[in-house]
Amino acid sequence: MDSGGHRRLSPVAPPRPLVPMPVRWPSAFPLEPDHIACGPDSEVVALSSAGMGAVFPPGAAQGRGGSAAEAIAFTLEGLLELGLARSATWGSSGLLVTTGSGRLASCPVPAGNALA
């Protein structure tokens, strides 16, 4: 093998420019987020390891709307009983959080994909 016996899964993509997301954080969100997940309809959720979060509307990540998007704060109640959040993904059935204890927390998203 040309790679010295190591497999390469895909070629390295060229770096993309960093573009800040124009958002206004809720005043009740004192911590910096540890995790970011995208929803099925282009929403973005920022989540701390302790389960405090903020959800941003579709288009916020693309900078659409002309002004900073307003985030809506939420808390995942009961998450700390399972451990601190270590990863999160947002699919069509809701937010799925993996905790430090290895357990999964399934957090259904109400109709309209609004977490708050």
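What does the accessible surface of the chain come to, and what percentage of this surface belongs to carbon and sulfur atoms? The accessible surface comes to about 7,700 Å², and 56% of this area belongs to carbon and sulfur atoms. Accessible areas come from the Shrake-Rupley method with a 1.4 Å probe, and for residues only the protein chains shown count as cover.

The model is predicted: local features need pLDDT of at least 70, side-chain atom pairs count only at pLDDT 80 or more, and totals for chains, interfaces and linings use all residues. Residues are numbered from 1 along each chain as its sequence is written, and side-chain values use heavy atoms, with hydrogens and water left out.

**View 1. The chain as a whole.** The chain holds nine strands and zero helices, and its elements run β-β-β-β-β-β-β-β-β from the N terminus on. Helices (H or I, at least four residues) and strands (E, at least two) are DSSP runs, numbered from the N terminus. Of the 116 residues, 32% count as buried; buried means under 20% relative accessible area, exposed over 50%, and partly exposed in between (1.4 Å probe, protein chains only). Among contacts with a separation of 6 or more, 39% come from residues 24 or more positions apart, where contact means heavy atoms within 4.5 Å.

**View 2. The sheet of four strands.** Four strands form an open sheet in the order E2-E3-E4-E6, with antiparallel pairing. Two strands pair if DSSP finds at least two bridges between them. E2 and strand E6 (72-75) are the edge strands, each pairing on one side only. From one strand to the next, the twist averages 25°; axes are lines fitted to C-alpha atoms, for helices over the stretch in contact, and angles run from 0 to 180 degrees between N-to-C directions. E3 and strand E4 (residues 52-56) run antiparallel and are joined by four bridges. Val44 stands opposite Phe56 in E4.

**View 3. The sheet of three strands.** An open sheet with antiparallel pairing has the strand order E7-E8-E9. Strand E7 (85-91) and strand E9 (104-107) stand at the edges with a single partner strand each, so one side of each is left without a neighbour in the sheet. Neighbouring strands here are turned by 20° against each other on average, direction ignored. Strand E8 (residues 94-99) pairs with E9 in the antiparallel sense over four bridges, and Leu95 stands opposite Cys107 in E9.

**View 4. The nonpolar cores.** The largest nonpolar core has 14 residues, and those with the most contacts inside it are Leu76, Trp90, Leu95 and Val97. Strand E3 (44-47), E7, E8 and E9 are the elements that give two or more residues to this core. A second, separate core of eight residues includes Val44, Ala54, Phe56 and Ala60. A nonpolar core is a set of buried Ala, Val, Leu, Ile, Met, Phe, Trp, Tyr and Cys residues joined through side-chain atoms within 4.5 Å. Leaving aside neighbours within four places in sequence, Val97 is in contact with several residues, including Leu47, Leu76, Leu79 and Leu104.

**View 5. The surroundings of Asp34.** Asp34 lies in the loop between strand E1 (23-24) and strand E2 (35-38). With a relative accessible area of 47%, Asp34 is partly exposed. Leaving aside neighbours within four places in sequence, Asp34 is in contact with Leu47, Ser48 and Ser49. Asp34 and Ser48 are 14 residues apart in sequence and 4.8 Å apart in space, C-alpha to C-alpha. The side chain of Asp34 reaches the backbone nitrogen of Ser49 at 2.7 Å.

Definitions and conventions
Polar contact = N/O pair within 3.5 Å; in protein donor to acceptor, adjacent residues only side chain to side chain.
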